[in-house]
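Biologist: I want to learn how to read a protein model. Can we take it feature by feature?

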Amino acid sequence: MNDSPSSTGRSDAWSDASPEQGMNRRSFLRATAALASGLAAIAALSPLRELESFSSVEEFLQKHYKEMTPEEMAKVLERIEREVERQYGLRPHVRDYKPMNGVEYVYCLNLTRCIGCRKCVHACVAENNQSRNPEIQYIRVLKMPNGTFDTEKADHNYAPELVPGKGFYYMPVQCHQCKNPPCVKVCPVKATWQEADGITVIDYNWCIGCRYCEAACPYWARRFNFTKPSIPKDKINPDMSYLGNRPRQQGVMEKCHFCIQRTRVGRYPACVEVCPTGSRKFGNILDPNSEVSDILQNKRVFILKEEVGTLPRFFYYFDI
Amino acid sequence: MNANTKTAAVLIALTSLFLALATAFNRDLWGRPAPLPSIPLVDPAFTNPAPVRVSAAELKRTGGDTSELECNLCHELNKPANLKLDDKGNVILPKEHADLVMHHGRNDRNNSCFNCHNPQNREELLTKDGHKLKIEESTRLCASCHGPTYRDWELGVHGRISGYWNRALGPFTRLDCVSCHHPHSPIFAPLPPAPGPHPLHPVVVHSVTQQASP
Amino acid sequence: MTGLVRDYCVFLRRCLALAFVGDWRYYLWVGTLTVFCLLGLNAYAKQFVHGLVVTGMTDQVSWGVYIANFTFFVGVAAAAVMLVIPVYIYKNEELHELVIFGELLAVAAILMCLAFVTVDLGRPDRFWHLIPGIGKFNFPGSMLSWDVIVLNGYLLLNLYLCTYLLFCRYRKQMPSKWLYLPIVFVGILWAVSIHTVTAFLYVGLGGRPFWNSSIVGPRFLASAFTAGPALIILAMQVIRRVTATAPAGKAAWQREGATAPWGVIRRAATLADLDLLARHLPELASVSAQVRQESLAGAMVLEVAAGDALLRQGEKDTDAFFVLQGQVVVKREEGGLTRITRGLGPGEVFGEISALAGTPRTATAIAEEPTRVLRLPAESLRKLMRNHQMSRIIRSRMTERLMITDRGLLTLRSIVQVSMLINVFLLLNEVFKEFYTGNLHVAASEYLYFGLHGHRALVPWIWTATGCNLVAMVLLVLPLSRSLRLLNVACVLAIVGIWIEKGMGLVVPGFIPTPLGEIVEYSPTLNETLVCFGIWAFGLLCYTILLRMAVPILQGKISKANEPGRKPQDSDAQLRALLKS
């Protein structure tokens, strides 16, 4: 702030210049520096060259699931089918399955029978078009030593030759579709909510990827797409649902949704279908004749982390 | 150097720095994401919902090889049995059936062949109260001893059910007992587990954890 | 009305022009910051393309250094209010200028917070989903929605306050109380709320026992009110040093004049002199003739040559001076450096603080050119100030100086001192609660302080932070830290300690172990670090530019009075001339 050119009384080549010349030189240099910084700024954005079609205008402007009319939804489904076809080479059916009336889903898991084979994990991955690399798996099987429920003692990475191991029990964990879901409470944009049949769903086109729900979940059930998911083309399951197993994008959350594309047409989820020991039980709790009703009435069921008050719809029990 | 020169020098230095930076950005010299380590695709056996055994009923239904179930090829009907027992009272398997593993019940209490098989017609099963059952009807035989389990099985609580939870919308399938349990050693056999989870970033392996534990 | 709009546009344009004017130190500083900003921008572009896999975050530790920095800087922004309270509630005059600097720091800090949150989002292109009315806003359910409201509101509040106060000074007008005091008081409450809401983001998660504790909110506030004012103490000294004139070459006005400060000519003042003054000070016209006559008792007119000192810093006389003709510059020495606090022209007053408050002279006033001044005894000044308009204009001029006094800094020191004591006390509470019971919830704290199952990444960090905080606390308590050098050391230690503790020491252990007992450690990648540096540089750049605009206005160098004629666009030369004056 005190660079008046001629007040110092010293003389050298620079200060011999008249004040106006000094000003001009400085203005010129300043403009050059500013221009160079502008160039550097544009160059800084050069990685964006690698951006493939990130999001179309329609996708950007797409409304929240609950605000869409059926016609708008039909257009969106059609667009998704086109996008999947372009990306994976096969045309899927993407439908918006609505909840059935008089249905509330409940899941029961028999800890006596689970042997920890992890077939449920991979059946889920295949059914729900999850990314293989980076790996996204909705189900995590914990190998627990007998005598404790402290998950700190769990082993997530067991890889023996055969399971079950002696002295351990195996506890698979996935989204419990809680009645009092903390993830729904914390989502700032209501991208996740609970439907009438008890399933907590995510609108993948609405999620902003803040990961607050992931921090809130007491069961570590939610997964984030840290990069573009990769699914082998020949492994795509073309039977898709909007709120369920259609391929997700980079930067959004996903989680177990009780195989919405199966359960809402009356079928069992993939994990139930594949379990070799029949440890997994699924059904409508409002139906007194369902197997889950019998379990909840007659078996010794418990829930994980009851003290957190989430009221999960996922019950563990022992048979023997 | 007076202030004017310093300003000029700084501005020139900044200009060159910006231009160098622009070049460096263009060349993409750092910060590329590390390529993800390859994760092999899971063996299709791990997504196969087929039960661990094929029951007799299933064999007969699908027209598979039922030669193991044709006992009367060797055994005569109505010929009395000649079971040999060892000093503990356990049956000694004849050499023709030496490949069988008899392990039914705690302390092998149920290893006697004729607890289940009809001694007059070995292709038939016989309950203790005298009901004769075909070999593909073995579930009722199991039920005759394992009451509570059968009760649960009927409700769909024991053993796997597949198909439609909503019975009104479609069929469902219950498995026979022997689709999961070998009748001679019914304890569910251990299976090889599918691979465990792979981390997103390479993880530094510590001595205490991150080791595969049996 | 249109005049107001026009004035505002000119004001903004001149402010903007100021941002590009400076000496070589300014260009070097701004240039370096821009380099880091660009590095950060480039790193973020990579993240935008490839996704958050370029960071060190995982599903297990899903928030990292971005949210850690966000949390820390919300605290800094909230701490600006710690300056506002003493000034507006306790009427501490020493901190008056610091309020604007604190609010500008709040603006810069909030911009950094918004930047950190944006770079953390997986889909920042979907930001419009957050806009109430257009998107779907989960208010009041989600604490994040509260945070969006309070942060943006706080930004607008502080921007409004700074702009309004600076614009008033630009127009040399007294700010209207009703247009800013209510906002100030709202701002105080709002500042506490931004940090409490941010704390509630964590506290409200029942599944994370490390965070689900009622002490988190108070600890946030205590650490914010330690680190924030500590940052302000450091920033103020930098501002003071940078706006000081180093004793380089000597212009005419810098040469000390003759020791006898009473000039060449003096005579008793007359009504004619008051009329002359009234031409430049219109408020004087509203004073009745009788009062004007009375005020002439003991009044003198002095004529001095360029370089003569009219009053000197530290002296104990109590006359007030009005400039009748010429130019006077007021300079103040502090911390070994001399600074020009303002330049004065006809109609302006100086020396009035000593006249009204009886305190020793706070600065030295030297004539820049041959100057004629009217010297009034304190009693005369008071008589004149019984007139409402005169009182208003003189009081507004009183606040028109740019003094960052050591006493002001020491007031800030006491704030930092008390807050740090509370912060450490709350830490002890937390440590007891975690470790005394020995229940399972202690896992995260155990990981943080001692390592868990062989994982020890954060242990050296947290002990460094604790050490820094304790040493800072001890230093602050000792009277030794009244010396600025030790105070600065304590401030740096406090800032570093609190940054680690509140950032990595709060966010990361909440995720380790996961709710399912898994331990996956976290460390930021190069890209993540570059983005952080970029945002820090961006914040510093914002603050620098805001100060670059505010300081000359506060000093009175850029005002409506010296707007360049027809074309309301100062040329570079004109601006530099104004700043030099």
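Biologist: Where in chain B is Asp99(B) placed?

Modeller: Asp99(B) sits in the loop between strand E2 (91-92) and strand E3 (124-126) of chain B. Helices (H or I, at least four residues) and strands (E, at least two) are DSSP runs, numbered from the N terminus. This is a predicted model, where local features need pLDDT of at least 70 and side-chain atom pairs count only at pLDDT 80 or more, while totals for chains, interfaces and linings use all residues. Residues are numbered from 1 along each chain as its sequence is written, chains are lettered from A and ligands numbered from 1 in the order in which they are written, and side-chain values use heavy atoms, with hydrogens and water left out.

Biologist: Is Asp99(B) buried or exposed?

Modeller: Start with the cut-offs. Buried means under 20% relative accessible area, exposed over 50%, partly exposed in between (1.4 Å probe, protein chains only). Asp99(B) has 61% relative accessibility, so it counts as exposed.

Biologist: Which residues form the negative surface patch?

Modeller: First, the rule. Patches are made of residues with over 30% relative accessible area and no salt bridge; like charges are joined within 9 Å, nonpolar side chains (Val, Leu, Ile, Met, Phe, Trp, Tyr) within 5 Å. Lys and Arg count as positive, Asp and Glu as negative; His and the chain ends are not counted. A charge is placed at NZ of Lys, CZ of Arg, CG of Asp or CD of Glu. Here the negative patch consists of Asp65(B), Glu68(B), Glu70(B) and Asp99(B).

Biologist: Which residues form a nonpolar patch?

Modeller: Leu45(A), Leu48(A) and Leu41(C) do, with about 200 Å² of accessible area together. Such areas come from the Shrake-Rupley method with a 1.4 Å probe; for residues, only the protein chains shown count as cover. Leu48(A) is in the loop between helix H2 (19-44) and helix H3 (57-61) of chain A. Its relative accessible area is 33%, so Leu48(A) is partly exposed.

Biologist: What does the span of helix H8 of chain C come to?

Modeller: The expected span of a helix is 1.5 Å times one less than its number of residues. Helix H8 (residues 216-242) of chain C has 27 residues. From first C-alpha to last it reaches 38 Å, close to the expected 39 Å. Of those 27 residues, 21 are buried, so H8(C) is largely enclosed by the rest of the structure. Now try helix H17 (residues 484-502) of chain C: its 19 residues reach 26 Å, close to the 27 Å expected. Its buried residues include Leu487(C), Ile495(C) and Trp499(C).

Biologist: What does the salt bridge of Glu104(A) and Lys179(A) tie together?

Modeller: Their closest N and O atoms are 3.6 Å apart. Glu104(A) lies in the loop between strand E1 (93-95) and strand E2 (105-110) of chain A, and Lys179(A) in the loop between strand E4 (168-173) and helix H6 (182-186), so the pair ties together parts that are 75 residues apart in sequence. Glu104(A) is buried at 15% relative accessibility. Lys179(A) is partly exposed at 49%.

Biologist: Where do Arg61(B) and Glu58(B) lie?

Modeller: Both are in helix H2 (residues 56-62) of chain B, three residues apart, about one turn of the helix. Arg61(B) is exposed at 62% relative accessibility, whereas Glu58(B) is partly exposed at 30%.

Biologist: Which residues are linked in a network of salt bridges?

Modeller: Glu78(A), Glu81(A), Arg82(A), Glu85(A) and Arg91(A).

Biologist: Now the backbone. Which residues does a cis peptide bond join?

Modeller: Val163(A) and Pro164(A), with omega about 5 degrees. Pro164(A) is in the loop between E3 and E4 of chain A. The bond from Asn133(A) to Pro134(A) is cis too, with omega near 10 degrees.

Biologist: What is phi of Gln177(A)?

Modeller: Phi is near 45 degrees, a positive value in a residue other than glycine. Gln177(A) is in the loop between E4 and H6 of chain A. Its relative accessible area is 0%, so Gln177(A) is buried.

Methods
A salt bridge is a side-chain nitrogen of Lys or Arg within 4 Å of a carboxyl oxygen of Asp or Glu.
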